[in-house]
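Here is a short tour of one model, meant for someone seeing it for the first time. Have a look at the structure below, then read on.

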Amino acid sequence: CGSSKENNAALPNLCLTTRAAMGFACHLHPFSLSLSRSFSVLLALSASGALRPSLADVLEQSALARLCENSGHHEQCPVTLLQVDSQVRSRAWNAAPHSAVEQPSSLQTLGRTFFSTDPAATADYFVKYFQAAYVPLPACGSALRAAVKVTVAEAYPPQILVFIGDSSASIGTWNATQTAVEAAALIGDALRPGGSAYTPWMDNHDGYHYGPFDGSSVLNISAAIESALPIEVYGQNIIRSYVPGTLWTVEVIYHDLSPDTKSQLEALGSVPNPDLCRSPQNNPSERPGWLKATYMTSRPAVAAQFMVDILGAELTANPYPWPPRENCTAAQWVYFPQLEFELHFVQSLEWQTARFSIEEQVQAMSGSRALESGLFHASMYNSLVFLVDSLDPYLLRLKARSMPYMLMHFDSQQYALFMIIPENAITIQLRSKHLSVEAQISESLCTEDFGDMLF
């Protein structure tokens, strides 16, 4: 970015590196101001339009963190930093030029794909406890697959869940089956009475509002109680359960249960709240049923910024301290207002053990290098799936940033676009029937062919 000869003992020059949508422009803003005024100047620069996106690099830089921490607005730092970035980014997308990168076509939540050691058992779990219905899939040789549809409120699209068992699902030193078995053991220990209470694997979960909606609820609590389903109950209104055969759990937020029902649930597994340092000012989405997707991450800010830059999400405040603090859960959240849907990227370093490291696990299962070589990595079987009108704007954004992707085309005349969030081993999948930009199409996998059920 350059350098400045002006220095201040209290505050070094802060170089705000910004990136335009289709090019790079670097701007130097030397702040020779007192710490008490510096953060106000940053806000003023944002309001005037002087700052251009992206603040992704800045959010994690210690310089800006110290600026905020010492500005006299310590308690507002996590919220304000996100608001500044969101405001700047909003102006930038509305300002010219943005070259060939179009605004994103309409997004719709579709569901998930999971790697599962036993797809049939995973599907049975959702049918028994989540009011789901089995959905047929096209034949795929000897591959084991199963699918279900979870429907809650008629005004919202159902959630399609596809479970895939692939005995060859290993790349390099990472083995999907072995990892799923190890994760199941750690999660099982956390869910048993007197166990460890939590593991970072449990940060991988979808969140649901219990309901009832349109006369039905998401979770069959009676079935859970009758079968003594291993669960955790904490934080006044949270139920956590393991999804068999996978790396995932589910979280159900409940309200207005009868005292007797609540007592029976708590008897199954009441534990202290594992979300350390969480503040009470939490306003989760009010969307009925499926309201969020949450991930174990090693770089939460990178993941959040990816969703902003590529999928058009908005950064939003969350109840965890940021920058991360020792022995505290850290997180970055994004929100899709038109969907009333959130993504939470969580870093629970305080729940690591001598035998489990988030960073090491993420590196081991990252499929980024495989994707750069045009290979489908086993970890990509775990994907969050959206339905879009066209893949064009998303491909253009990925190409503009030289990010790897994989594109498949199926007989049902639908395309699947796979991308991996850098440094986090998180796969996003977009499905559409429209593609007009030039892009290389990889050999399709029958394990990812879901027929016409998605449209």
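Which residue in β12 is the bridge partner of S241? The partner is V250. Before going further, note that this is a predicted model: local features need pLDDT of at least 70, side-chain atom pairs count only at pLDDT 80 or more, and totals for chains, interfaces and linings use all residues. Residues are numbered from 1 along each chain as its sequence is written, and side-chain values use heavy atoms, with hydrogens and water left out.

**The sheet**

S241 and V250 are bridge partners, and the strands here are β11 (residues 238-242) and β12 (residues 249-253), which pair in the antiparallel sense over five bridges. Strands (E, at least two residues) and helices (H or I, at least four) are DSSP runs numbered from the N terminus, and two strands count as paired if DSSP finds at least two bridges between them.

Zoom out and you'll find eight strands in an open sheet with mixed pairing, in the order β10-β11-β12-β9-β13-β16-β15-β14. At the edges sit β10 (231-234) and β14 (314-316), each pairing on one side only. From one strand to the next, the twist averages 25°.

Two helices lie across part of this sheet. Helix α8 (residues 259-269) lies across β10 and β11, at about 120° to β10. Those angles run from 0 to 180 degrees between N-to-C directions, using lines fitted to C-alpha atoms, for helices over the stretch in contact (heavy atoms within 4.5 Å).

**The disulfides**

The structure holds two disulfides, each being a pair of cysteine sulfur atoms within 2.5 Å.

| Pair | Sulfur distance | S-S torsion |
|---|---|---|
| C140 and C446 | 1.9 Å | about 70° |
| C277 and C328 | 1.9 Å | -65° |

The torsion of C140 and C446 is about 70°, so that disulfide is right-handed. C140 sits in the loop between β4 (133-134) and β5 (144-150), while C446 is in the segment after β20 (426-432), 306 residues apart. C140 is buried, at 7% relative accessible area, whereas C446 is partly exposed at 38%. Buried means under 20%, exposed over 50%, and partly exposed in between (1.4 Å probe, protein chains only).

The link of C277 and C328 is left-handed. C277 lies in the loop between α8 and β13 (290-296) and C328 in the loop between β14 and β15 (330-336), so the pair ties together parts 51 residues apart in sequence. Here C277 is partly exposed at 40% relative accessibility, and C328 is buried at 11%.
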